Amino acid sequence: MVPEEKPDGPGTGEESARLQAAGSIRKSCDLLADSQDSHLQSRRTRIHQQINKELRMRTGAENLYSEGVTVPMIPLGLKETKQLDWATPLKELISGHFGEDGTSYEAEIRELEELRQQAVRTPSRSEAGLELLMAYYNQLCFLEARFVTPARSLGLLFHWYDSLTGVPAQQQALAFEKGSVLFNIGALHTQLGARQDRSCPRGTSRAVKAFQRAAGAFGLLRENFSHAPSPDMSPTSLSMLEQLMTAQAQECVFEGLSLQAPTDPYDCLAQLHLAQEAAQQVAAEYRLVHQTMAQPPVQDYVPFPWTTLVHVKAEYFRALAHYHAALALCDGPLVAEAELPAVEQVFLGLSASSAPRGPALPQEREESRKLGKAHLKRAILGQEEALRLHAVCRALRRVDLLQAVLAQALRRSLAKYSELDLEDDFFETTEAPDIQPKTHQRPKARAPSFSRVKVADIFHRLGPLSVFSAKNRWRLVGPIHVARGEGGFGFTLRGDSPVLIAAVVPGGQAEAAGLKEGDYIVSVNGQPCRWWKHAEVVAQLKGMGDEGVSLQVVTLLPSVEPPGLGARRPGLGALLRSQKECGRETPGPARASPRPLLGWSCKAKRGKTGRRLSPAPQP
């Protein structure tokens, strides 16, 4: 049966139009949905990128803690920076001042950019990353010596983010770049120290050295940069960081001593020395750090978890000192009469010439037990206070390891106290005296060992720094043809890299050719010899025949000192003397390590741009 065909009519056309419109609407809806999903996905991606950036920037400020066997340490986050365009200013300076084709140094500029990228833009949190930072710092010293003068900067704007607050700061001074890199060297040492396994002597020893290096880096920065553009590099912040790293090094010393358990666990003197030399000393160090953190302006930008953790540590280690004292008094044998003066010094702080300031050490077992119980009571009170402070800070409450350490210490003290709390003990507990802090193993700040990272001056092709730097002005003369006479060429040479014409014989061939005393030989018969030694130039000249030699020389011109510069130089005398005393020489093509000194001296305000910091003049 053939179906009946329906004639085309207005109704059919309208239906077709409605279907087409519905299809278009669905397509539009699909496109709109796809567009909305795409925008949403892009927005999510941007948010995740921003979150990741913030996390990287604040590493060590919010995510503070490292895992270990005892109370966690505080590592410091690295400062972050923006990308730099080294090519434009360096090419202009090489072409304008050095008289060479700046484009021929593109390979050197790329090497510098790659070194900065690896060292500070994408740093590795390892010993290899530390060496890269130090290599870049040494390279900045070469750049400063070659391209920067008190009257001229590179014209680059260096952007860095504050490690504690994330606030950006920028300056045109190369010294700001050097200071920020030095800060990151100290910060990376703190991270390496916090990551050590302190459950073994080797790990504690490495942690001590890392925190000593960190304290030394912050100390070197504080001594050479008194007017910071960002809070983390201010003198007060750097002083606080020095104290914090020294305290953490002292804590690692205590942990190392704790691992060396005494042969006799009931050795009274061993327990007392552990309490005095380590635990109480650590508590004293952290009390000083907490006082500094609680004072303005440091308290305005130091993370609250830092301040709380330092306070917790001060209470915890003071309580630990009393616990060790209680073990010595309760479990150990009575102190022999010969050892009595040494033991009393632990509690009373006596010296050979001082008088007792408290009760004498008990000589009876019961009295010794009561004094030990009093120290346990102080230990319990201190540990409870540490737990209370821990509970106040929400960030610390998330650190399960810290809570476990504090709770374990309290349980141990309570268990010991219950052993001593006899039913027939009706006497009042004796007041426990303070334990005098003392250590024979106090770690000192150690400046970073820049000399062990050897680097070659990337721009050594420009010539030795003693002559070819932005601080000098010179004129290139030649080639000059000098014939050989009966007495030779008529000049004498001195020095290396470059070789100096020390004297010109009057009436000789050199004088006739136009050579002058004080000229530097930079080319012999077309061969560049800026880096040649004295013996190499002499050997080349001796090999010349009667036809003579073609020389190019450089004549130094008087330098124009900008007005007012002389008034600033005396303030840098100490830095200049330090450079000379340490024997910093002009780097050659061989690998060298410049003296790591910062060259700033002028005041700089936070957040201001265009303010130049004068570099220290090179010797």
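Helices (H or I, at least four residues) and strands (E, at least two) are DSSP runs, numbered from the N terminus. By that rule the chain has 17 helices and eight strands. This is a predicted model, in which local features need pLDDT of at least 70 and side-chain atom pairs count only at pLDDT 80 or more, while totals for chains, interfaces and linings use all residues. Residues are numbered from 1 along each chain as its sequence is written, and side-chain values use heavy atoms, with hydrogens and water left out.

**Whole chain**

- Of the 619 residues, 49% count as buried; buried means under 20% relative accessible area, exposed over 50%, and partly exposed in between (1.4 Å probe, protein chains only).
- The chain exposes about 30,500 Å², and carbon and sulfur atoms supply 51% of that area (Shrake-Rupley method, 1.4 Å probe; for residues, only the protein chains shown count as cover).
- Among contacts (heavy atoms within 4.5 Å) between residues at least 6 apart in sequence, 76% join residues at least 24 apart.

**Salt bridges**

- A search of the whole structure finds 15 salt bridges, each defined as a side-chain nitrogen of Lys or Arg within 4 Å of a carboxyl oxygen of Asp or Glu.
- One of them joins Lys79 and Asp232, with the closest N and O atoms 3.0 Å apart.
- This pair links distant parts of the chain, 153 residues apart: Lys79 is in the loop between helix H1 (10-57) and helix H2 (87-96), and Asp232 is in the loop between helix H6 (201-224) and helix H7 (235-259).
- Both Lys79 and Asp232 are buried.
- Glu242 and Arg222 form another salt bridge, at 2.5 Å from N to O.
- Here Glu242 belongs to helix H7 and Arg222 to helix H6, distant parts of the chain that lie 20 residues apart.
- Glu242 has a relative accessible area of 16% and so is buried, whereas Arg222, at 30%, is partly exposed.
- Glu251 pairs with Lys313 in a salt bridge whose closest N and O atoms are 2.8 Å apart.
- That pair connects helix H7, which holds Glu251, to helix H10 (residues 304-331), which holds Lys313, across 62 residues of sequence.
- Both Glu251 and Lys313 are buried.

**Asn184 and its surroundings**

- Asn184 lies in helix H5 (residues 174-194) and counts as buried because its relative accessible area is 1%.
- Leaving aside residues up to four places away in sequence, Asn184 touches Leu78, Lys79, Leu133 and Trp160.
- Asn184 and Lys79 are 105 residues apart in sequence, yet their C-alpha atoms are 6.3 Å apart in space.
- A polar atom of the Asn184 side chain lies 2.7 Å from the backbone nitrogen of Lys79.
- Lys79 also forms the salt bridge with Asp232.

**The loop at Ser153**

- Ser153 is found in the loop between helix H4 (127-147) and strand E1 (158-161).
- Its relative accessibility is 18%, so Ser153 counts as buried.
- A polar atom of the Ser153 side chain lies 3.3 Å from the backbone nitrogen of Gly155.

**The E4-E5 hairpin**

- Strand E4 (residues 491-494) and strand E5 (residues 499-504) run antiparallel and are joined by four bridges; two strands pair if DSSP finds at least two bridges between them.
- The hairpin has four residues between its strands, and Gly495 in the turn has a positive phi of about 85°.
- Phe491 and Leu493 make up the covered face of E4, and Thr492 and Arg494 the uncovered one.
- Thr492 stands opposite Ala503 in E5.

Methods:
A polar contact is a pair of N or O atoms within 3.5 Å; within protein, one must be able to donate a hydrogen and the other to accept it, and residues adjacent in sequence count only if both atoms are side-chain atoms.
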